[in-house]
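This report begins with aromatic contacts and then turns to the fold and the surface. The structure under discussion is shown below.

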Amino acid sequence: MTNAASPPAVDELALPRLSDDAAVEIHHFLETIFDLFEARYGHQITRHYESLSRDNLVNSSGDPQPGDPPF
C-alpha cells in the first residue's frame, strides 16, 4: 500500500508506451477532469488547507498576548 504523502516514483509505475497523439489526448483529458474537479471542490480544498494552517498557529486570533515573544 502506498502512502498518499509519498507517491511512487515514475520509474516504479508500470505504464504502457503511448503514441504522441495518445499521450496528448490523455493529458488533455486529465487536465479537463482536474479543472472540473477543482471548479466543484476547490472551495473545500482551500478551506481544508486554511484550517490546517490555522491549526499550526499558536494564537489563531492574531492578537498577541502580553509577554508573548514576537516570533
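## Aromatic pair

Across the whole structure, which is a predicted model, a search finds one aromatic pair. The pair consists of Phe 37 and Tyr 41, whose ring centres are 4.9 Å apart and whose planes meet at 45°. Planes under 30 degrees apart would count as stacked and over 60 as edge-to-face, so the angle of 45° makes this pair tilted.

Both residues belong to helix 1, where Phe 37 and Tyr 41 are four residues apart and therefore separated by about one helical turn. Phe 37 has a relative accessibility of 45% and counts as partly exposed. Tyr 41 is likewise partly exposed, with a relative accessible area of 33%.

## Fold and burial

The protein contains one helix and zero strands. Helix 1 covers residues 20–55. Of the 71 residues in the protein, 1% are buried, a class that requires under 20% relative accessible area.

## Surface

Definitions and conventions: Residues numbered from 1 in each chain as written. Predicted model: local features only at pLDDT ≥ 70, side-chain atom pairs only at ≥ 80, totals over all residues. Heavy atoms only, no water. Helix = DSSP H or I, 4+ residues; strand = E, 2+ residues; numbered from the N terminus. Buried < 20%, exposed > 50% of the residue type's maximum accessible area, 1.4 Å probe, protein only. Phe/Tyr/Trp six-rings, centres within 6.5 Å; stacked < 30°, edge-to-face > 60°.
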